[in-house]
Amino acid sequence: MGLYLLDYGAGNVQSLANSLKKLGYSFQWISNPSDFEKATSLIFPGVGAFETAVANLRSKGLFEPLRQYILSGKPYFGICIGMQVLFESSAESPSLGLGIIPSPVERFEDSDKVVPHMGWNAAVPVDPENQEPPAYYYFVHSYCAKYDPEKYSEAAQWAYTTTQYGNELFISAVQRGNVFGSQFHPEKSGHEGLELIKRWLQTSKSERPSTSASTSTLFRTCSTLFQGLTKWIIVCMNVIVRWLQTSKSERPSTSISSRTRSTLIPKDKDRLTKRIIACMDVRTNDEGDLVVTKGDQYDVREKTTPSAGGQVETAGAVRNLGKPVALASTYYTSGADELCLLNITSFRHSPLLDQPMLAVVRAAAECVFVPLTIGGGIKDTVDPDGTKHSALEVASEYFRAGADKVSLGSDAVYAVERLRASPDPTKGDGTSAIETIAHAYGRQAVVVSIDPKRVYVDDPTTYDGPGKDELIEGKQDSPIESERARGVEILGAGELLVNSIDRDGTGLGFDLDLIRLVRSCVKIPVVASSGAGKAEHFLNVFQETGVEAALAAGIFHRKEVGIDQVKECLKDNHVNVRMNVAG
């Protein structure tokens, strides 16, 4: 009896499990339909596609028991997909949701912004009497419940907080009776998110109903009645809603539309912050230990014999800048908005056999409560014994270990080349790693890393190297990366990580021309990487290119620049950033 978590089989639920452990709460997993009767509080977390979530719930026989649990009046907390399935339908899927909230979930309009909506944004309380300042939480989604009391009056009645993205307002949290839901991920929102989960747990515990035999019998009886009457109830509710709309002039002053009228007008600018990401290249040293390393143009071995702390490093040894889990924890407490672990060991050729790297991900996820991206070896692989593994299988293993996003590299480039050579280059065939992972987990879970190197030519008419067909007369560099960027977007990538090989390790600043080129040709978030040497370089890339995030590694590892220094510089120059609230 007690707190249960619902794992529908596709989302990363380990992050929430780690958060509950951090807060000192025990829980059990919903493993079969009968567990719903044992639960006195239920949390349904997860990222992923609406269609996959509903299909998995139905195939496991959990869809209707979940619905009846919510209707029973016991505490329910839905996170991301767990909130969206409360609604009647989603533009992402032909399948219907639970219908608890008789309104649709729709895709963001992307005329003025990139989609997915990814990053830290403010959740503003709908109730004007709530004087608490807006809290910043982590969002990652392409579909939302629009906040429009005129068009979706029932959904507006459920709204607890709203959030603005571009010029759109959407419901970022719902609350009514026993039900609470958030579009954002509190388990990945640092200290603020953990506090929100803690408050809900403390409230739901005091409100948990008795689970005596008579109560269980009554519950089963009511469940049967509810199942037959649900459609009738929805019809009646719609009739009432229409009546309320026609009698709007007679509503009291406390109606939802009048008391929240000021929140219906979007602000001049949303509160989405720019993200600072700390990246760690992880590989084995010559002794077999996993370490964080960094090199110039990916050469990670020492060229000299430097002395550090009285110890002399051997020339040719793998550069050791620290232990991955310890550094991840340090960067989290320092205010990093996201963390990235890139597996550059030989194990990445057989990633499911790479138990040390999976162990690193699990350990990091237990102490880091911001999004965690894992890269390296996320592709179709074959073990030494001939066992084949799909990219989706590999990605799933990392998600189950605690990753929130996976980063694809060379496999994505090959997929784009196949796309460009296909009869219809406007859509994929559904078999690439990008497509299969995005279908199961949602495109927001897929990051594609592109590593361009600038090519200079004296005469474009005689050049016969890579990208010759894309050369623009009068230019010295090839725009082939813009074609690759468009290709991965078509295939379903949710974010692009742009690494400049020419700038890597130079400390000269980000390659603004390259990043501006990529940013201008896609409508998904872009992360700038390679070349940062001082805090002002982050300011430059945000002001000059409009990217959503910037990543660095070596300057953070060597403590040349701190994450707090970067954010102070951005804040002083009126760039919206999340200041350190990790606790």
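Residues are numbered from 1 along each chain as its sequence is written, and side-chain values use heavy atoms, with hydrogens and water left out. Because the model is predicted, local features need pLDDT of at least 70 and side-chain atom pairs count only at pLDDT 80 or more, while totals for chains, interfaces and linings use all residues.

**Aromatic rings**

Rings of Phe, Tyr and Trp (its six-membered ring) pair if their centres lie within 6.5 Å; planes under 30 degrees apart count as stacked, over 60 as edge-to-face and the rest as tilted. By this rule there are 17 aromatic pairs. One of them joins Phe36 and Tyr69, with centres 6.4 Å apart and planes at 50°, so the pair is tilted. Phe36 belongs to helix 2 (residues 35–38) and Tyr69 to helix 4 (residues 63–71), 33 residues apart. Helices here are DSSP runs (H or I, at least four residues) and strands are runs of E (at least two), numbered from the N terminus.

Phe36 counts as buried because its relative accessibility is 2%; buried means under 20% relative accessible area, exposed over 50% and partly exposed in between (1.4 Å probe, protein chains only). Tyr69, at 0%, also counts as buried. A further tilted pair is formed by Phe399 and Tyr441, at 4.3 Å centre to centre and 40° between the planes. Phe399 lies in helix 12 (residues 391–401) and Tyr441 in helix 14 (residues 433–441), so this pair ties together parts 42 residues apart in sequence. Both Phe399 and Tyr441 are buried.

Other buried residues of helix 12 include Ala391, Val394 and Tyr398. Just after this helix, Gly402 takes a positive phi of about 130°.

**Cavities**

A cavity is a set of points on a 1 Å grid over the protein atoms alone where a 1.4 Å probe fits but cannot get out; lining residues have an atom within 4 Å of a point. Grid points are joined across faces, edges and corners, and a volume is the space filled by probe spheres set on the points. The structure holds two cavities of 30 Å³ or more.

| Cavity | Volume |
|---|---|
| Largest cavity | about 130 Å³ |
| Second largest cavity | about 70 Å³ |

Of the 14 residues lining the largest cavity, the closest to its centre are Val47, Tyr138, Val140, His185 and Asp404. Residues lining the second largest cavity include Glu338, Lys405 and Glu495. Strand 18 (338–343) and strand 24 (495–499) each supply at least two residues of that lining.

Notes
On a 1 Å grid over the protein atoms alone, a cavity is a set of points where a 1.4 Å probe fits but cannot get out, and a pocket is an open set with protein on both sides within 12 Å along at least five of seven lines; lining residues have an atom within 4 Å of a point.
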